[in-house]
Amino acid sequence: MLKREIIRKENYNWDRAEELAVQLNISPLVTGVLLNRNMTEVEEIQEFLYGSEEPFHDPFLLKDMSKAVGRILEAIQNKEKITVYGDYDVDGITASSLLYMFLKEQGALVDVYIPNRKDEGYGLNIDALQKLFSRGTRLLITVDCGVSGNKEVAAVAEKMDIIITDHHMPPEELPAAYAIINPQQKDCPYPFKKLAGVGVTFKLCQGIYQKLTQEKELWTDKIEFVAMGTVADIVPLIGENRELVRRGLKRITHTKSKGLMELMKVAGVAGKNITGETIGFVIAPRLNAVGRLEHAMSAVELLTTDDQVRAEEIAQKLNEENIIRQSISKKIFAEAEAMLRQEEHIKHAIVLAKDDWHAGVVGIVASRLVDKYNLPAILITMDGENAKGSCRSIPPLNLYAALEGCKEYLLQFGGHHQAAGLTLKKSDITKFKEAFIAKVKAMLPEGGYVPRVMPDYFVPFDKKITIKTINDLALLEPCGAENSFPIFAFAAATLTNFYTMGREKNHLKLFLNYAQNQYKAVVWNEGENFSHYYVGEKGDFAFVPKCNVFQGVETVDLHLVAFKPFRHIIDMRHNNISKKQTVKSILQTGEKTVIYVSNIKAIDQLSVKGNFQVCSYGSKVVEPNIKNVIFYDLPSIDVLANDNFPLEGNVNAALYLLYNNKEVLAAEQELSKLYPEKNVMRANYKYLIKLIKTQSVVKTNVLLDYEKTRECFFTERILAIFAELNFINLVNGQITFKSSAHNDLVNSPTYCKMKDEYREKKQVLKNLMNTTALEISKKWK
């Protein structure tokens, strides 16, 4: 859910930002953002924005680079068969394609092998290595994998030489490979440690090229492949990575790869400005899809083919595979959500396992669960006796370290701080789940992880977000991990309208008013939380400003990343929801909750567990640390009236309104019995007179027993009204006829009192349903 903490802070030193802006001839917004990111000097900012004359480090600073280059040149000269062994994600696909094409251009006898995700899994496997040896491979170069393949390397070390290039965290004991190029090695002197797998491969190409040509200028051909893999693997876009992506994005629209050009065409981005966002959300998913569902070699063939017809065919296939992948992801996510609804608590981590989940897609779903629940998530698919899992983390949790603490239950695992993969026995899943959740609980601070957004800039009341603002900020591209696009914020803006959008109504369009300016905002995948917003709601909004072009007209769109409401009210009064499931979902978090009821039996019937207390309407919430307050069933009083409202100003809880129209309808039907209209009174009168004529005397207790009368509903007050109007005699529990003379109901004091009570109770019901969330928020003082 989008609602999260937004940290207010002082804006940067505007005078210093203006001074730097003048010196650099750029917008003070840009220099201000960089000041916030601790860039204070002109030279530093200039290099960050425009790059340096020598942006790349010497490849031979990487440990084992000289040794690896020498062995590869020897293999090229001796016509030894070289196999590039890659991974099936975009980082591995681009790294494999890059090295394959580069070595081929140098005259190497080279091939590519990428394991099948489903049958072989991630990394090296002995069967594949044996097969490659039998086919003539004598030098194997891994890209984006291999650093944890101790057993596999040892199995073929005497048959072929293996050079490992990888960027993942190395284990304590390294494989006995011919050479290992990985900047993460403890004794590697390379100054930049955060290269992607394709970045390490690129450095190897630079090393080989430098050795072959003796040129001082480093090789940068096919740098667009490096940009794609670097962005897709979500490594930090700082230092050397930033320059790799910056140059790669410039090159990508002029790429010589027929396949990449065709892929951009089918994705609808050919001829457009390609940004890091385009790669991350348009190009990369299509390259990834085929590796997830079929075989990643199709993607390698796409990037490396010179056949135009074949390029068109594969690009179309990848586009279709991506559509299928989206459908499978949606199905698995729905199943995961259904499984979570059965959990008693969802507190420290999510670990779910199922037989038929597609191993290539569970990682995407795990990421969605992390985004929704703000918890680390592991999704495991079972196949026979073994199971494979994809793991995704939250910022404060080192996922690799957490898995290290549970390795007794794992057959193997690998990855880094935020993402990992694992294999384990099916019989160990329950034990692993318990151990992992316990480990996460121990590693995270008390109270768990609360997402916080710290905007780069709170927009002053006298400033406005314009197209020029967005164009100025484009200087900060490429943006991504550790160099995010600047987040702006409005302090105390007002939501004036909103609605769902998209084919499946799964997104929200919001309209905001800030400093008398109107803005359009988009919230992706927030449609299911429609009830969490209300017209007139005030709060802090954090967003990334974007330029939207429709029919040639440019407008400002705000892509919301966080919203901190001043009064959080979730209005489900007019929704058709499962109240039981809603309460269970709230209590699963373990947050302290107060549930208000008119009927205590309603909660007993729920059979829910959690950190909650039950109160009757009319009592106050006195604890300021309550996180959730639930109005569960229809209040018996006007709980939304000022005197009855239970929340004080110091209680910063989320208020859930769960009572609904169905309950109001039932209450109105009950009122109509207790306070009958004139036509009902007339029918009752006729029924009673008819009864008296046949029986002469009617006993009161018999008449009041609806189960016996059935035709009419009588109360003591109805009989009192008839007595006050001189229609009947009512003495000692017996009713006899008195007069048939006309007498208006308004002449009965009891009837007049009933009508007043009825109007009051109807007004209470009306208030309970029609008081808007905005009006409720104003009672919260």
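This is a predicted model: local features need pLDDT of at least 70, side-chain atom pairs count only at pLDDT 80 or more; totals for chains, interfaces and linings use all residues.
Local features were considered at pLDDT of at least 70 and side-chain atom pairs at pLDDT 80 or more, whereas totals for chains, interfaces and linings use all residues. Residues are numbered from 1 along each chain as its sequence is written, and side-chain values rest on heavy atoms, with hydrogens and water left out.

A search of the whole structure gives 27 aromatic pairs, a pair being two rings of Phe, Tyr or Trp (its six-membered ring) with centres within 6.5 Å, counted as stacked if the planes are under 30 degrees apart, edge-to-face if over 60 and tilted otherwise. One of these is the tilted pair of Phe 498 and Tyr 533, with 6.2 Å from centre to centre and 50° between the planes. Because Phe 498 belongs to strand 14 (residues 488–501) and Tyr 533 to the loop between strand 16 (517–523) and strand 17 (538–550), this pair ties together parts that are 35 residues apart in sequence; strands are DSSP runs of E with at least two residues, and helices are runs of H or I with at least four, each numbered from the N terminus. Both Phe 498 and Tyr 533 are buried, that is, under 20% relative accessible area, computed with a 1.4 Å probe on protein chains only.

Tyr 675 and Tyr 758 also form a tilted pair, at 6.0 Å and 45°. The pair links distant parts of the chain, with Tyr 675 in the loop between helix 21 (661–674) and helix 22 (678–695) and Tyr 758 in helix 26 (residues 749–770), 83 residues apart; both Tyr 675 and Tyr 758 are buried.

Key: Buried means under 20% relative accessible area, exposed over 50%, partly exposed in between (1.4 Å probe, protein chains only).
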